[in-house]
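Have the structure open and follow along.

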Amino acid sequence: MDAFETIITRRSIRKYKKKVIPQEIVQKLFQAACQAPSAGNQQPWHFVLLDDRKILNVIQTFHPNAKILTEADKAILVCGDLDREKLKGYWMIDCAAATENILLAAHSLGIGACWLGLYPREGRVAGMRKLLHLPSNIIPFALVSLGYPGEVKPKEDRFNKSRVHLNKW
Ligand SMILES: Cc1cc2nc3c(=O)[nH]c(=O)nc-3n(C[C@H](O)[C@H](O)[C@H](O)COP(=O)(O)O)c2cc1C
């Protein structure tokens, strides 16, 4: 699948098969995440691989959409590190780019994934912080659930001509 096809056909996958994702694929997802653009190349991120069933199952107690993690093989928590911010206010934009890279890489490798938002919802951020004992400079930004797809989602054409402008509004 070329890059354009990957972008155009990616969908959120929320149902998964009971099949383990091998470490080589997980490594590629981390590589893709770290390859994201960031403001001033500050790379203000950390990633936590979650594959402990007890941890995956408890997330739904503070995240309303995290039931899907009970089926997922793993999840990646994307975090921002305030101590690595050279350019104030950009960490969450950089983390969003890293998160999207994980979603696209997963799709291109045959893995289903879904972005589960944490930041800026205070309850979800606090829940994740408490669960993993995160230090105060680390902000949990998003979870990406991962598993071999247990559903097929058709490509959705969202191109909207009215959102594209030529030289003036
Ligand atoms: C910032 C952000 C937060 C999201 N949070 C959730 C979430 O909590 N639960 C969920 O099921 N999907 C979540 N999504 C996925 C969106 O619902 C999904 O991307 C959107 O409906 C478009 O569908 P698609 O990903 O299949 O193209 C989130 C996406 C983004 C970008």
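**The sheet**

Two strands count as paired if DSSP finds at least two bridges between them. Helices (H or I, at least four residues) and strands (E, at least two) are DSSP runs, numbered from the N terminus. This is a predicted model, where local features need pLDDT of at least 70 and side-chain atom pairs pLDDT 80 or more, while totals for chains, interfaces and linings use all residues. Residues are numbered from 1 along each chain as its sequence is written, and side-chain values use heavy atoms, with hydrogens and water left out.

With that in hand, you'll find an open sheet of 4 strands in the order β1-β2-β4-β3, with antiparallel pairing. β1 (45-50) and β3 sit at the edges with a single partner strand each, so one side of each has no neighbour in the sheet. On average, neighbouring strands are turned by 25° against each other, direction ignored. Take β1 and β2 (residues 74-81): they pair in the antiparallel sense over 6 bridges, and V48 stands opposite L77 in β2.

**Helices across it**

Two helices lie across β1, β2, β3 and β4 (138-147): helix α4 (residues 91-108) runs at about 10° to β4, and helix α5 (residues 122-132) runs at about 85° to β4. Axes here are lines fitted to C-alpha atoms, for helices over the stretch in contact (heavy atoms within 4.5 Å). Angles run from 0 to 180 degrees between N-to-C directions.

**Around the ligand**

Which residues are around the ligand? Counting those with a heavy atom within 4 Å of it, they are R10, R11, S12, R14, H63, N65, C114, W115, L116, G117, R124 and R158. Strand β3 (residues 112-117) gives the most to this shell, with 4 residues. By type, the shell divides into 3 nonpolar, 4 polar and 5 charged.

Now for the polar contacts (N or O pairs within 3.5 Å). An N or O atom in the side chain of S12 is 2.6 Å from a ligand oxygen, and a polar side-chain atom of R14 lies 2.8 Å from an oxygen of the ligand. W115 uses its backbone: an N or O atom there lies 3.0 Å from a ligand nitrogen. The protein covers 63% of the 620 Å² of accessible area that the ligand has on its own (Shrake-Rupley method, 1.4 Å probe).

Most residues other than glycine have a negative phi, and most peptide bonds are trans. Q43, in the loop between α2 (23-34) and β1, has a positive phi of about 45° although it is not a glycine. A cis peptide bond joins Y119 and P120, with omega about 5°; P120 is in the loop between β3 and α5.

Note on methods: A polar contact is a pair of N or O atoms within 3.5 Å; within protein, one must be able to donate a hydrogen and the other to accept it, and residues adjacent in sequence count only if both atoms are side-chain atoms. Ala, Val, Leu, Ile, Met, Phe, Trp, Tyr, Cys and Pro count as nonpolar, Asp, Glu, Lys and Arg as charged, and the others, Gly among them, as polar.
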